[in-house]
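Open the model in your viewer and keep the selection tool ready.

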Amino acid sequence: MPAAASLVLVFGATSYIGSNLVPRLRDLGYRVRAAARSPEVLEARGWKGVELVCADALKPDTLEAALAGARFAYYLVHSMAAGKRFGRIDLDAAENFARAAEAAGVERIVYLGGLVPPGANSEHLLSRRDTGEVLRRFRVPVTEIRAGIIVGPGSAAFEVMRDLVLHLPVMLTPRWVRAKSPPIALDNILRYMTRVLEIPETEGGIYDAAGPETLTYEQMMREIARRAGKRPLIIPVPVLSPELSAYWLKFVTAVPTNVARALIGGLKHDFSADDAELRRLVPQRLLTFRESVDAALEAEREHSVAARWTEGAFVFRNYRMDYAYYAKRASGSAFASASPDAVWRVVSRIGGENRYFYANFLWTIREIVDWMVGGAGLMHGRRHPTELRLGDTVDSWRVIGVKPERRLTLLFGMRAPGAGVLEFDIARHDEQRTRITATAYWHPAGVWGLLYWYAMYPLHVFVFDGMTRAIAREAEAELMREAQRSGGVNP
């Protein structure tokens with residue numbers, strides 16, 4: 001059977017690489033099944049012609065359906081965001097997946113690992129290496145590609161450097177900025193990963209992947225700055241270790257703290273790659289770092305980044321490259337003894353004369369502040385008092401997503417150092433109750449955007465907890481009133 005006629009499972013499809021790999025495989029003619037823990041995030045990708053399945057490598061009973069009938073499987077799972085135990089979690093997940101792949105009769109696993117320098121002691125680096133070893137303990141052959149920094153929108157290492165150079169005119173940096181690494185363009189790594197399926201010789205192999213240059217992190221940051229029209233002053237100092245750097249990064253980058261900490265832990269090493277064999281097997285023109293950065297920025301300009309808006313879609317960052325790719329978030333939730341339809345009827349009345357269900361005085365204060373700085377904060381109103389459609393204006397918000405009885409998404413329209421979204425998610429919890437969740441997503445504009453977020457975070461949590469409880473109470477009260485009007489009983 002030709003490889004392109006085969007069913008390919010992309011496990012970890014909502015990861016950075018997975019989000020770009022799925023449409024690439026589909027466009028090459030493969031039958032693609034995308035698997036991830038969150039069905040909502042999978043659905044939000046909008047991948048036409050791709051089978052979606054919910055599965056979790058830490059829940060072995062979910063793996064059989066994901067792997068059924070798959071000839072090849074890409075394993076793109078890592079747990080850096082899980083915190084201090086992520087190394088152990090990674091190994092458990094890999095063992096579960098490899099065992100299930102063997103039982104399902106998968107012919108090959110392709111795993112994207114990381115370059116491992118001699119003497120490495122970073123949990124992040126060792127976990128990437130050990131995950132490959134665990135996958136190889138079982139009978140399914142594994143093709144492992146090891147890469148360093150991947151240059152593209154959404155790559156955690158690239159986004160850390162971008163946040164730094166775009167928002168800090170002067171940087172006192174640790175010595176690790178002079179460590180070396182061979183970065184590779186997103187398009188180049190994707191070509192390597194797709195082509196190995198067609199080359200039987202790569203079965204069971206471990207291959208280094210790299211771009212044509214080896215650069216220091218300082219050189220990379222300066223090049224990103226130049227391509228964005230910035231000239232930051234970078235001053236390496238001896239007192240900032242990688243460990244200490246990880247703590248202050250939360251105040252200067254929107255990249256999730258656990259991910260940034262895991263990455264920084266490995267930056268004290270020089271990385272090198274022996275990629276001659278992979279270049280022989282998969283010939284291609286490797287982009288220079290400058291070309292890779294240009295390609296990443298152009299992908300954003302063309303809105304071609306395959307990612308959900310909460311993870312950096314350009315349109316929801318106000319088309320601003322200096323707004324962080326990753327979103328900060330705060331949420332609140334409550335349960336209503338009512339149907340999703342009843343909850344939706346309340347949520348869809350938000351704004352205008354109905355206001356915001358809870359702590360309206362705080363909303364009013366924020367609107368007045370926005371008006372005082374020339375914003376649209378006091379422009380109250382909506383097209384219809386109870387109905388919403390895509391593109392509607394609700395006070396200073398714009399409706400960018402409507403899925404009745406499921407989800408309402410509003411784009412923030414007031415002036416602030418960043419771009420934001422407010423999303424209401426409605427889900428049936430059991431036969432009697434519906435869960436309503438309100439979440440704010442914030443793409444900060446540098447340090448000021450982060451300071452704004454941290455200052456507002458306690459208020460967000462307070463307001464969203466109260467708002468969802470108020471929505472739940474109103475939905476229950478409406479059902480009570482309807483039952484009374486119809487002569488019925490308390491539902």
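Select Ala359, in the loop between α13 (340–347) and α14 (360–372). Helices here are DSSP runs of H or I, at least four residues, and strands are runs of E, at least two, numbered from the N terminus. This is a predicted model: local features need pLDDT of at least 70, side-chain atom pairs count only at pLDDT 80 or more, and totals for chains, interfaces and linings use all residues. Residues are numbered from 1 along each chain as its sequence is written, and side-chain values use heavy atoms, leaving out hydrogens and water.

Check the backbone of Ala359. Its phi is near 50°, a positive value in a residue other than glycine. Ala359 is buried, at 12% relative accessible area (buried is under 20%, exposed over 50%, partly exposed in between; 1.4 Å probe, protein chains only).

Next, select Glu405, in the loop between β16 (397–403) and β17 (407–411). Phi is positive here too, near 70°, and the residue is not glycine. Is Glu405 buried or partly exposed? Glu405 is partly exposed, with a relative accessible area of 34%.

Last, show α8 (residues 217–227) and α12 (residues 289–301). Their axes come within 10 Å and cross at roughly 50° (axes are lines fitted to C-alpha atoms over the stretch in contact; angles run from 0 to 180 degrees between N-to-C directions). Now pick out the contact, meaning heavy atoms within 4.5 Å. From α8, take Met220, Glu223, Ile224 and Arg227. From α12, take Phe289, Arg290, Val293, Asp294 and Leu297.
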